[in-house]
Amino acid sequence: MSESPVVTTDRRDGWTWWEARRLRYNLGLAFAGWVAYAAACLIALALGDPLPDLRQAASTTLMLGTWYLVVMAAANVAYLAGVLVETIIRPCDLDRFRVRAWNLGFWASMALPFVFPMVLFAVMFSLGPAD
C-alpha cells in the first residue's frame, strides 16, 4: 500500500505511528486469510478432491479459522518489530524508513497465508487425482 502520510520525524512518536496502521494491517491479514482459504478450496476441487458435506466443511473452516486467529496474534506480536528496529538502528530519514518498513512488512504478511494453498497444490498434484 503506497501512502503519503503526514509523518513527523519525532522519534518518540514511533509507537503512535505504528499503532495508527495496525487496524489496516489486521484487516489485510483477515482478507488475505479468507482469500488463501478460498484458493485452497478451489485447488482441492480442481485437482479432483470430492466436495465435503456441510458438517465436515464447517468443522474444517472452524478449525482453520481458529488456527489463523492464533497466527494473526503472532503476526501482531511480530508487528512490534517495526518500532523495535526503528529504535535500534535509528535511521536518518525516519519518514522514509517507516513507510518502507511498513510496506515491506505488510506485503510480506499478506503473502504468507498463500503458502498453505501452494503447499496443498504441490502435495495434491504430486499424489495425483483422488480415487
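What follows is a walk through the predicted fold, from the overall layout down to a few residues.

This is a predicted model, in which local features need pLDDT of at least 70 and side-chain atom pairs count only at pLDDT 80 or more, while totals for chains, interfaces and linings use all residues. Residues are numbered from 1 along each chain as its sequence is written, and side-chain values use heavy atoms, with hydrogens and water left out.

The protein has six helices and zero strands, so named from DSSP runs numbered from the N terminus (helices are H or I, at least four residues; strands are E, at least two). Read from the N terminus, the elements simply go α-α-α-α-α-α. Confidence is given as pLDDT, the predictor's own score for each residue on a scale from 0 to 100. The mean comes to 88 for the protein, with 88% of its residues at 70 or more. Among the elements, H5 has the highest mean pLDDT (95) and H6 the lowest (86). Where pLDDT is low, the predicted coordinates should not be read in detail.

Of the 131 residues, 27% count as buried; buried means under 20% relative accessible area, exposed over 50%, and partly exposed in between (1.4 Å probe, protein chains only). The protein exposes about 9000 Å², with carbon and sulfur atoms supplying 73% of that area, as worked out by the Shrake-Rupley method with a 1.4 Å probe, where for residues only the protein chains shown count as cover. As for contacts (heavy atoms within 4.5 Å), residues 24 or more positions apart account for 86% of those with a separation of 6 or more.

Salt bridges come next: a side-chain nitrogen of Lys or Arg has to sit within 4 Å of a carboxyl oxygen of Asp or Glu. By this rule there are two. One joins Glu-86 and Arg-98, with the closest N and O atoms 2.7 Å apart. Glu-86 belongs to helix H4 (residues 81-89) and Arg-98 to helix H5, so this pair ties together parts that are twelve residues apart in sequence. Both Glu-86 and Arg-98 are buried. In the other salt bridge, the side chains of Glu-19 and Arg-22 meet at 2.7 Å, N to O. Here Glu-19 is partly exposed, at 28% relative accessibility, whereas Arg-22 is buried at 14%.

Helix H5 spans residues 94-111 and includes Ser-109. This serine counts as buried because its relative accessible area is 15%. A polar atom of the Ser-109 side chain lies 2.8 Å from the backbone oxygen of Gly-105. Leaving aside neighbours within four places in sequence, Ser-109 is in contact with Tyr-25 and Leu-29.

The loop between H5 and H6 holds Pro-113, which is buried with a relative accessible area of 13%. Beyond its neighbours within four places in sequence, Pro-113 is in contact with Ala-32, Gly-33, Ala-36 and Tyr-68. Pro-113 and Tyr-68 are 45 residues apart in sequence, yet their C-alpha atoms are 8.9 Å apart in space.

Helix H6 covers residues 115-127 and includes Leu-127, a residue that counts as exposed because its relative accessibility is 68%. Leu-127 is part of a nonpolar surface patch of about 600 Å², made together with Leu-112, Val-115, Met-118, Val-119 and Val-123. Patches take residues with over 30% relative accessible area and no salt bridge, joining like charges within 9 Å and nonpolar side chains (Val, Leu, Ile, Met, Phe, Trp, Tyr) within 5 Å.

Conventions: A polar contact is a pair of N or O atoms within 3.5 Å; within protein, one must be able to donate a hydrogen and the other to accept it, and residues adjacent in sequence count only if both atoms are side-chain atoms.
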